Amino acid sequence: MPLTIALWSAAALLGVGGLAVALNGRIEATRIVYGLCFCLCLILFMTAVVPRGAVALTMVLPLGLPWVEAHFQLDVLSAFFLAIVNLGGAASSFYAIGYGAHEKHPSRVLPFFPAFIAGMNLVVLADDAFGFLVAWEFMSLSSWTLVLAHHEDAENRRAAFIYLIMASFGTLALLMAYGLLAGPGGDYSFAAIRAAGHEPWKLGLVLALALLGAGSKAGLAPLHIWLPLAHPAAPSHVSALMSGVMTKVAVYGFVRIVFDLLGTPAFWWGIAPMTLGAATAALGILFATIQSDLKKLFAYSTIENIGVVFIALGLALAFKANGMALPAALAFTAALFHAFNHSLFKSVLFFGAGAVQTATGERDIERLGGLIHVMPRTAFVLLGASVAISALPPFNGFVSEWLIFQAILLSPSLPQWSLKLIVPAVGATLALSAALTAGCFVRAYGVAFLGRPRSKEAAAARESDPWSLSAMATLLTLCLVTGVLPSFMIDTISPSARLFVGGRMPAQEEIPWLTIVPIAESRSSYNGLLVCLFIAMSAILAARLIHVFASGSTRRGPPWDCGCPDPSPITQYTGSSFAQPVRRALGNIVFVARERLDMPAPGDTRAARLGIEIRDRVVEGLYAPISRATDFCADQLNKAHFLTIQGYLGLVFGALVMLLLMVAIWQ
Amino acid sequence: MMLGSLDVVSLLLAIPGAAALALAALPGYRLTSRINVAASGLTFLCATWLLFERPAPGLYLFVDDLNVVFVVLSTFIGFTTSAFSASYIEHEIGTGKLTPAYVRFYHAIYQALMLAMNLALLANNIGLMWVAVEVATLTTVVMVGIYRTPEALEAAWKYFILGSVGIALALFGTILVYMSAEPVLGEGYDAMVWTSLMQQAAAFSPRLLNVAFVFLMLGYGTKVGLAPMHAWLPDAHAEGPTPISAVLSGLLLNVALYAVLRFKMLLAANAAAISPGPLMVALGLASLIFAGFMLYRRDDIKRLFAYSSIEHMGIITFAFGMGGPLANFAGLLHMTMHSLTKSAIFFAVGHIAQVKGTQKIAGITGLSESHPVIGWGLVAGVMAIAGLPPLGIFMSEFLVVSSTFARQPLLAVPLVLGLLVAFGALLMRAIEMAFGEPTGRAEKIEASVVPLFAHLSLVLLAGLYLPPHLVTWFQNVARLLG
Amino acid sequence: MAVILDIAAQGAQMGLVLTLSPLLVGFIRKVKARLLRRRGPPILQPYRDLLRLLRKETVLAENASWLFRSAPYLIFATTWVAAALVPTFATHLLFSWSGDLIAITALLGGARFFLALAGMDVGTSFGGIGSSRETMFASLAEPAMIMIVFTVSLIAGSTQLSEIAASTLSHYQLRVSFGLALIGLAIVAIAENGRIPVDNPATHLELTMVHEAMVLEYSGRHLAMIELAAALKLLLYLSMIACIFAPWGIAPAGAGPRAFLYGALAYPAKLAIGGFLLAFFEVSTAKMRVFRVPDFLGAALMLGLLGTLLLFVSRSL
Amino acid sequence: MERLYFDVAHLLAGSLVLTSFVLLYQDRLSGLINVFTIHAVVLSFSVGWQAYAQHASHLYVTAGIALVFKALIIPLSLQNMIERMRIHREIEVVGGIGVTMLVGIALVALSLAVMLPATAAADPLAREDIAFALAVVLLGLLMMVTRRNAVSQVIGFMSLENGLILAATGAKGMPLVVEISVAFSVLIAFIVIGIFLFRIRERFDTVDVQELDRVRGEPR
């Protein structure tokens with residue numbers, strides 16, 4: 001029953017897309033469409049969270065490949081990701097009821113937004129390879145049109161181009177993976193694929209293809225280059241969906257294939273996701289630290305979080321392969337938990353970026369500043385989101401990363417040497433990127449919201465509308481709730497952990513004081529609620545006591561600044577100067593950061609300038625050669641377009657003679 | 001000729017023939033274009049009738065599962081194209097690119113072309129089929145040259161020379177087939193009739209068949225537009241009237257492909273002969289990759305899509321070359337989808353070129369801004385031809401790639417690379433044409449966009465749902481093709 | 001009844017760290033002065049400073065926001081909670097399991113997060129310098145800390161400080177990685193508390209200062225809160241080192257009042273030793289350039305990683 | 001008697017191949033046309049002989065068609081066409097006659113190598129015929145490849161079709177359909193070419209194919 005409702009709602013979403021076309025140009029279209037999307041997403045969310053036991057619901061419709069038909073299913077994993085998708089979908093629809101009013105040409109957004117959500121839902125619900133890929137690519141296609149919403153900007157067009165190329169590359173990879181799994185018989189239903197046995201080399205190949213396919217959609221390095229281009233190009237509520245939700249759908253695809261369809265893993269399967277994830281995390285956060293475009297920065301931080309998720313998934317694979325059910329469950333739970341958390345706070349962050357952009361027309365933090373005075377509510381919500389994404393207690397980001405650390409601490413008992421050597425390095429990288437995240441968001445928030453406005457747009461900004469604010473606030477509250485009461489989330493994920501890694505963490509609801517205990521009380525435990533309460537209580541207590549017994553009086557004065565305050569806001573620390581230490585200390589790991597100082601000679605009156613050039617090693621080392629090779633081949637072959645008739649006849653003649661020779665020799 | 005028993009079939013030939021004569025005689029383009037549409041519609045109805053009543057094979061004409069697919073498809077596209085060409089020709093006369101006399105000629109030739117193609121598809125006699133294909137070639141040559149601009153003449157001349165060389169090679173192959181059959185079936189007609197050939201194929205001299213297939217593959221392959229015999233195709237598409245480009249891509253290539261398939265079946269029926277698969281696969285891959293790279297340097301919209309036709313013909317040939325029920329099914333489906341989509345694209349291109357007054361891509365950017373309907377139509381068409389879901393070509397490409405990867409993983413790699421290369425070029429052009437700042441003239445398009453969206457909606461439907469009858473029918477054909 | 005005692009013990013712990021931390025600062029200052037042959041300020045001077053600051057009225061910059069005003073209390077609270085989680089005179093206190101070593105690290109990270117933000121709030125160049133440098137140091141110190149946590153907790157089989165202390169007590173053996181962890185932790189502690197050679201708490205020299213630059217705009221009670229938090233942090237690190245590497249005399253779980261007494265006596269002694277060593281180290285080294293600090297911390301990170309690797313490998317031996 | 005049949009057929013087919021070589025060698029347009037006339041006559045003779053040998057009366061028709069159309073009408077009209085275009089004296093540069101000859105010989109060898117083993121079953125008459133026919137076809141194609149003048153390309157194409165007819169008649173008892181169609185198509189082909197040549201004349205004052213390539217739709 002819930003599955004039926006879910007499918008109907010997905011179809012209804014597509015219908016809403018059609019309705020949006022019909023309503024084209026009407027002023028109230030925005031509210032109607034987004035309102036409908038909100039309701040439908042809520043319904044879908046309900047179908048996901050309504051308790052149905054561990055049994056998977058399935059359904060077959062006479063669509064798609066005739067002899068396979070369209071299979072749909074709603075098992076625990078699908079339900080979990082269905083919840084993620086529609087939570088994000090509902091939030092961004094609600095946000096867009098207010099935000100969408102500022103859209104210049106809504107006719108380029110409204111029809112495709114519901115289609116995009118529907119596509120993601122169908123990916124999660126699909127139960128056969130063909131349906132999965134159709135939904136998968138449809139999701140890419142609809143989001144592609146959304147990336148092109150502001151097509152007059154050449155940058156966006158380029159972003160859209162790269163995006164769809166990478167997307168269909170991923171789809172082709174997945175297609176081959178499914179082709180390999182289904183075999184020449186061509187029974188593409190997941191049930192049949194599970195039933196069929198496969199040779200090991202086949203499984204390894206499929207794993208690699210799945211990494212390519214799902215990884216390119218999730219933004220796994222080195223397939224990530226499209227992400228920081230495409231996500232910022234779309235309208236902000238769409239960016240939130242792409243960054244917060246679509247990447248999770250990609251994670252779902254990976255989990256579905258590798259943990260479900262492939263059966264029992266070999267120990268080395270875990271290595272690739274782990275190492276790639278670690279590389280992705282470090283690379284993503286280092287790039288995020290040097291960005292000055294707010295949305296680009298968030299996009300790069302998405303890449304980092306995807307890396308974290310894949311680290312945990314790789315650990316889960318390694319544990320599962322060695323039959324260590326409990327640690328596998330821990331890592332798996334951590335991965336899914338982190339995916340959920342990221343979908344929450346990344347949506348908030350992109351909403352905030354959208355609010356800032358509508359308020360100031362700026363995305364460049366170097367031209368912002370002091371927003372905390374003019375848009376205090378937005379500033380407050382974004383502060384919370386920044387704390388959450390920086391993995392600081394008592395918010396949810398900390399809990400999931402804490403769980404991953406606990407999983408890493410269990411990995412010495414893995415028998416294989418390769419894993420023994422890799423896991424600690426991965427752990428160090430994870431710790432490094434976690435620390436860098438905090439710094440990155442201090443920079444982003446501090447430069448954009450604190451200090452003094454660096455442009456008159458920033459000074460003239462206004463607080464954003466109540467719709468957007470309430471959407472952001474709700475998600476942030478969820479972040480806090482899952483942070484202080486993580487045990488519920490863990491117990492929600494446990495069934496899928498049991499299903500896919502054959503074990504589960506200790507049931508958390510039995511533990512007193514709402515503490516979470518990954519393995520055993522004596523090993524490690526964390527109680528978000530108590531920590532949160534203690535911090536709040538002692539802060540309030542201290543403030544109260546001081547105001548009562550010591551002085552509470554305050555006087556406003558000019559800034560001190562070592563006695564020489566400069567009124568002009570240009571003297572503030574800029575984003576790039578803030579990032580300079582990290583750029584110098586760690587920069588050259590993944591990118592070539594060069595500072596060019598142009599210092600005039602003494603007596604010369606022109607101003608000195610400091611230029612920074614950032615070069616991306618991945619792009620230069622991997623993608624530039626590919627495009628060069630394509631151009632070369634195109635140029636060479638293109639000569640064949642300008643032959644004379646004799647030339648063409650010569651081709652035919654040559655082909656004929658060659659074939660005749662072959663026949664003569666063959667006989 | 002003994003057509004007594006084949007009334008529907010003879011109608012399929014008689015209607016276009018009569019229409020051709022009538023149109024040659026009648027003046028006034030409005031009336032003639034209406035007659036043109038009506039005749040094509042009638043032909044289509046007769047073709048659909050074949051689905052229900054299947055006449056017994058005769059000495060000259062016959063109907064089986066395989067050619068019914070082609071007949072129905074080509075008559076349908078002939079019908080929609082005639083509807084499109086009505087509005088297109090009107091505009092051409094308005095701008096004085098065509099004189100009424102030429103239009104009369106044009107309509108007559110159009111029906112003659114339909115006649116030739118139906119004959120080629122229905123012929124039960126390899127000689128007759130050859131004649132029909134040759135006639136089809138000659139008529140299209142005339143069509144391509146109809147504008148009489150230097151470019152058009154050059155294109156038509158090249159088409160004529162290459163086409164007739166191909167035809168000549170095909171004839172030689174046909175003769176060889178006869179020679180190989182003659183010792184078994186005896187002199188005379190029997191040795192040229194499909195039905196009897198197929199029954200006795202196992203007994204023919206395999207070596208002769210091999211040589212014959214080389215000639216037939218190259219000869220009819222020229223008409224299919226496979227590299228390296230493709231040279232006539234881009235210019236012929238680009239310089240002729242757009243309806244003819246649609247007919248070329250949507251129909252004529254299929255007809256030639258049909259001939260190739262027939263002879264492939266003949267060889268497949270003879271165990272001792274070399275299997276035709278590898279040759280087809282090689283030519284298919286070559287065309288796919290070659291055309292994929294050629295797409296990057298095209299600055300003329302019609303040549304762009306002409307090369308994409310080469311690419312897709314390559315995919316289809318590849319699929320049939322792979323063989324097996326799955327790949328054959330995929331090939332048939334892909335051929336159908338490609339014909340529908342590509343003709344739809346050419347409808348859109350025709351309108352665009354007429355509005356903008358140029359075929360240069362640089363002159364037609366920002367369509368979705370200036371002409372939303374046609375612009376998004378073009379985008380949908382390109383996305384369909386590039387094989388994105390939920391449109392039909394995705395399904396066939398899914399089957400081609402996955403079945404290939406399941407059977408010959410190494411062959412799938414170049415296939416996928418070729419698809420990706422072509423996709424990149426098409427996507428780049430689509431973004432360039434449909435988005436960005438509009439250039440060129442921006443007046444309304446008065447022509448009807450019904451044929452365009454009729455095709456697109458069919459393609460969309462097929463991508464989501466294939467009626468079971470169609471599926472079983474295609475599966476039979478796929479089994480027939482071995 | 002037992003619950004009340006537990007709560008009392010926990011409360012005592014929180015009070016103890018709060019009261020001892022200024023004393024520790026004063027003690028270190030005194031030792032440093034003595035080592036430099038100066039008389040130096042009285043040991044209780046930090047208390048006086050705090051009280052004076054608390055009584056003064058607070059001067060805020062015009063464009064200071066609510067974040068600037070609330071940050072000091074948050075910083076103080078998080079540091080205090082973190083400090084309360086570290087066993088000082090007794091292990092297995094009532095709330096000790098509500099957060100482990102990783103949580104403590106994260107809590108300190110939270111405090112730093114708000115401190116860095118507060119440094120940028122007024123929009124002066126000095127605040128920016130301070131925050132930026134603090135962030136860079138932290139981005140290396142935190143992973144180093146995590147790796148040390150790995151090392152320690154792999155040896156002890158737990159990330160709970162109480163359990164670690166217990167295991168160290170129960171079977172104490174010299175291990176390479178243990179030593180590596182100790183050195184690494186010492187380096188991290190020096191960096192985190194802004195001591196020489198990373199930072200000099202005593203100067204206001206623009207080019208060198210880090211922590212002082214961030215709190216430059218603070219005055220009155222806010223400054224008091226921040227100073228107290230800093231003192232707490234120093235105490236926290238010292239007692240953490242003591243609890244992990246020298247847990248002698250600390251009261252085990254469910255111990256009687258006698259054990260608590262021993263613990264209460266042993267703890268100040270350990271602090272004194274730690275403070276003396278710190279002071280001695282500070283007077284015997286010089287401040288290093290800002291951009292050499294990453295190498296300093298990188299060394300800690302490498303030590304931690306090395307320790308963890310050794311343990312991972314030795315597990316299968 | 002069989003022997004005689006065989007020898008004459010062999011002689012005629014061989015001389016057809018020989019004429020093809022002459023065509024390859026000939027580089028003056030009018031000369032080319034004359035040689036083509038010979039080519040057509042030889043063809044009609046060999047077809048006639050086949051008709052006599054196979055007792056297939058309908059082949060006489062083919063021979064007649066070949067004689068009338070290919071040996072009379074086409075050469076004459078081509079002649080006066082090039083007269084009117086004033087290109088009948090034109091000597092077109094053919095890259096390396098010698099090389100072309102060698103290639104031609106190689107082609108003949110190839111066609112024999114392909115055909116003789118393939119047609120082991122068929123009777124020797126047919127075998128020889130089909131092999132020589134293939135040689136003629138390939139030589140015609142070679143000529144089309146090497147010549148850049150439209151007229152000579154057409155002639156090369158027609159010599160190619162002569163080879164086809166030779167093959168068709170060589171195949172025993174092949175029904176009339178084919179010959180008619182061939183003649184028919186040649187006729188149409190010729191008409192169309194005529195139209196084209198005139199149009200080309202109107203517009204470019206030359207029949208040099210490379211001129212055409214200068215005006216192609218997509219300039220490089």
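## Chain A as a whole

A residue is called buried if 20 or more other C-beta atoms lie within 10 Å of its own. By this criterion, 60% of the 667 residues of chain A count as buried. The structure discussed in this report is a predicted model.

Chain A contains 24 helices and five strands. Its radius of gyration is 27 Å, close to the 26 Å that the globule rule gives for 667 residues, so chain A is as compact as a globular protein of that length. Along its principal axes, the C-alpha trace of chain A spans about 105 × 75 × 60 Å.

## The contact between chains A and B

Where the two chains touch, chain A contributes 46 residues and chain B contributes 51 residues. On the side of chain A, the elements that give two or more residues are helix 5 (129–147), helix 6 (154–182), helix 23 (617–638) and helix 24 (645–666). Helix 6 of chain A gives the most, with 14 residues.

The side of chain A that touches chain B has 34 nonpolar, nine polar and three charged residues.

## Domains of chain B

The domain assignment divides chain B into domain 1 (1–124), domain 2 (151–275) and domain 3 (277–482). The centres of domain 2 and domain 3 of chain B, taken over C-alpha atoms, are separated by 24 Å. Their contact takes 25 residues from domain 2 and 33 residues from domain 3.

On the domain 2 side of this contact, helix 8 (206–224), helix 9 (232–239) and helix 10 (242–269) of chain B are the elements that give two or more residues. The largest share, 13 residues, comes from helix 10 of chain B. By class, the domain 2 side has 14 nonpolar, 10 polar and one charged residues.

## A helix pair in chain B

Helix 3 (residues 65–94) and helix 18 (residues 450–464) of chain B pack at an angle of about 150 degrees, and their axes are 9 Å apart. Because angles over 145 degrees count as roughly antiparallel, helix 3 of chain B is roughly antiparallel to helix 18 of chain B.

In this pair, Thr80(B), Ala83(B) and Phe84(B) of helix 3 meet Pro451(B), Ala454(B) and His455(B) of helix 18. The residues of this contact comprise four nonpolar, two polar and no charged residues.

How values were computed: Residues numbered from 1 in each chain as written. Chains lettered and ligands numbered in written order. Predicted model: local features only at pLDDT ≥ 70, side-chain atom pairs only at ≥ 80, totals over all residues. Contact = placed C-beta atoms within 7 Å. Helix = DSSP H or I, 4+ residues; strand = E, 2+ residues; numbered from the N terminus. Nonpolar A, V, L, I, M, F, W, Y, C, P; charged D, E, K, R; others polar. Axes fitted to C-alpha atoms, helices over the stretch in contact; angles between N-to-C directions. Parallel < 35°, antiparallel > 145°, perpendicular 65-115°, else oblique. Rg over C-alpha atoms; globule rule 2.2 N^0.38 Å. Buried ≥ 20, exposed ≤ 12 C-beta atoms within 10 Å, placed from the backbone. Domains from an automatic or database assignment.
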